Amino acid sequence: MAYTTVTLQHSKTKVMKHAPVGFSWTSLCLFFCPAIYRRDWKSLILMLPLCILTLGLANIVFFFTYNKLYIKHLLAQGYEIKVHGVSHVSQSNL
């Protein structure tokens, strides 16, 4: 599990999700299974064939990038980063 998490809230449905930031320890141990658990089908479709074709070597890249891909996926779906106790925070480019 990641050391730091980001809280995201969907702008319309108000559903909140917690997304890990940084190195993906779950991808290190479970390969593409975190994408299934998080229902991140877009990343699963990317990860699964690459892992099969490269005999698992592509996972080395996904250990470092999967959490960032997941956060970008949530932001594209309409989630916004929610910061508790701060009135205004500018959003950086992920």
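Which residues make a nonpolar surface patch of about 330 Å²? In this predicted model, the patch is formed by Ile 36, Trp 41 and Ile 45. Ile 45 belongs to helix H3, which spans residues 41-53. With a relative accessible area of 64%, Ile 45 is exposed, because the cut-off for that class is over 50%.

The interior may be considered next. In soluble globular proteins, nonpolar side chains tend to be buried together. The largest nonpolar core of the model has 13 residues. Those with the most contacts inside this core include Leu 8, Ala 19, Ala 35 and Met 47, along with Tyr 66, Tyr 70 and Leu 74. Two or more core residues are given by each of strand E1 (4-10), H3 and helix H4 (59-76). H4 gives the most, with 5 residues. Ala 35, one of the core residues named above, touches Asp 40, Leu 44, Met 47 and Tyr 66, when residues up to four places away in sequence are not counted.

The cysteines form a separate topic. A disulfide is a covalent bond between the sulfur atoms of two cysteines. The count in this model comes to 0 disulfides, the rule being a pair of cysteine sulfur atoms within 2.5 Å. Cys 29 is exposed, whereas Cys 33 counts as partly exposed.

The accessibility values for the residues discussed are listed below.

| Residue | Relative accessible area | Class |
|---|---|---|
| Ile 45 | 64% | exposed |
| Cys 29 | 57% | exposed |
| Cys 33 | 36% | partly exposed |

Cys 33 is placed in the partly exposed class because its 36% lies between the limits of 20% and 50%.

Conventions. Residues numbered from 1 in each chain as written. Predicted model: local features only at pLDDT ≥ 70, side-chain atom pairs only at ≥ 80, totals over all residues. Heavy atoms only, no water. Patch = residues over 30% accessible without salt bridge, like charges linked within 9 Å, V, L, I, M, F, W, Y side chains within 5 Å. Areas by Shrake-Rupley, 256 points an atom, 1.4 Å probe, with all protein chains shown as cover. Salt bridge = Lys/Arg side-chain N within 4 Å of Asp/Glu carboxyl O. Helix = DSSP H or I, 4+ residues; strand = E, 2+ residues; numbered from the N terminus. Buried < 20%, exposed > 50% of the residue type's maximum accessible area, 1.4 Å probe, protein only. Core = buried A, V, L, I, M, F, W, Y, C linked by side-chain atoms within 4.5 Å. Contact = heavy atoms within 4.5 Å.
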